[in-house]
Amino acid sequence: MTSDSTHRPVPATLITVAPTGAESEKSAVPALPVTLEELVTTAKECRAAGAAVVHVHIRDDDGRPTLDGARLADTVQALRAGTDLIVQLSTGGAVSDGFEPRLAVLDAGPDACSLTCGTVNFGDEVFSNPWPFIRELYARTKALGVVPEFELFDLGHIATLHRLLDDLGEPHGGHVHCDLVMGVPGGMPGNAATLVQAVSALPAGATWSATGIGRTSLPVMFAALAAGGHLRVGMEDTTTFARGRPVTANSELVERAATLAGLAQRPAMSPEQARAMLGVAGHS
Ligand code: KMH
Ligand code: ZN
């Protein structure tokens, strides 16, 4: 924690890296980490650049998205062995994944998981998250001791988050942390006005990160820093660093986020600080 000129505490910035996602293909995006070795190397580079959380989607031997349980468990172990990052597994998977395999992701024993609070059009596809699935996933996070991050793609998802907390109570770890995923074609737009509106509707005491898909990445990052939020970056969300210039490594996105956070007098927080903020227990 640093302090501003009025000596009020100004929180450091949580930087989450989402290095892979389920949408891009390795053949089209050669810098995308898809093997376990590439993922661990990426995670180490991003930790050095300022990340505290890694949001993980994995791929099979052919580079296709998979929710294979053994592979997920090996990935969690390898990331823990190689880094001190908080390991957050995606329960969103790919739009083609069914509900049961998405629920079973938690069996791989991650520190944290994503938990999307509603269905959203996703380009030409639909990312399906009906209420019974959301409720069951949340109940399992509580039973298994996994800290959820509430993914909000649209303003209506915030209403469902309130319903979930009213229904089942506070999450494991006792703290609500949300991630505004903005600029998905079909979700809320990635701009400052929408960000401010969304943040004003979040539960009292919640912390939040934001990420802007594609060309909304920078406007959302600046807006999030200005509004006191945290940042998610990575090749899941954008594969272009600047107009006409592809991202060459996830770490350069983390480095840019850490630089901007530093300029905002809110430097990147360590995984230890992030664990304290999010209520994520450490591992021996
Ligand atoms: N791949 C998207 C359909 C999450 O990780 O929880 C969903 C997604 C959200 O990426
Ligand atoms: Zn994801």
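**A pair of strands to begin with**

Select T116 and look across to β11: the residue standing opposite is E151. Keep in mind as you go that this is a predicted model.

Now widen the selection to residues 112-116, which form strand β8, and residues 147-152, which form β11. The two strands pair in the parallel sense, over five bridges. As background, strands of a sheet pair through backbone hydrogen bonds, either parallel or antiparallel.

**Out to the barrel**

Next, bring in the other strands. β8 and β11 belong to a closed barrel of eight strands, and you can follow it in the order β3-β4-β7-β8-β11-β12-β13-β14, with parallel pairing. From one strand to the next, the twist averages 30 degrees.

Select residues 155-168. That's helix α5, lying across β8, β11 and β12 (177-182). Its direction is at about 150 degrees to β11.

Then pick residues 217-226, helix α7. This helix lies across β12, β13 (207-212) and β14 (230-233), and runs at about 160 degrees to β13.

**Last stop: the ligand**

Which residues surround ligand 1? Select ligand 1 and you'll find T116 again, along with E23, H55, H57, S90, G92, G93, V95, S114, F122, F127 and E236.

Zoom in on three of these contacts:

- E23: an N or O atom in the side chain is 2.8 Å from a nitrogen atom of ligand 1.
- H55: an N or O atom in the side chain sits 3.0 Å from an oxygen atom of ligand 1.
- G93: a polar backbone atom is 2.7 Å from a nitrogen atom of ligand 1.

Taken alone, ligand 1 exposes 300 Å², and the protein buries 97% of that.

How values were computed: Residues are numbered from 1 along each chain as its sequence is written. Chains are lettered from A and ligands numbered from 1 in the order in which they are written. This is a predicted model: local features need pLDDT of at least 70, side-chain atom pairs count only at pLDDT 80 or more; totals for chains, interfaces and linings use all residues. Side-chain values use heavy atoms; hydrogens and water are left out. Two strands pair if DSSP finds at least two bridges between them. Helices (H or I, at least four residues) and strands (E, at least two) are DSSP runs, numbered from the N terminus. Axes are lines fitted to C-alpha atoms, for helices over the stretch in contact, and angles run from 0 to 180 degrees between N-to-C directions. Contact means heavy atoms within 4.5 Å. A residue is near a molecule or strand if one of its heavy atoms lies within 4 Å of it. A polar contact is a pair of N or O atoms within 3.5 Å; within protein, one must be able to donate a hydrogen and the other to accept it, and residues adjacent in sequence count only if both atoms are side-chain atoms. Accessible areas come from the Shrake-Rupley method with a 1.4 Å probe; for residues, only the protein chains shown count as cover.
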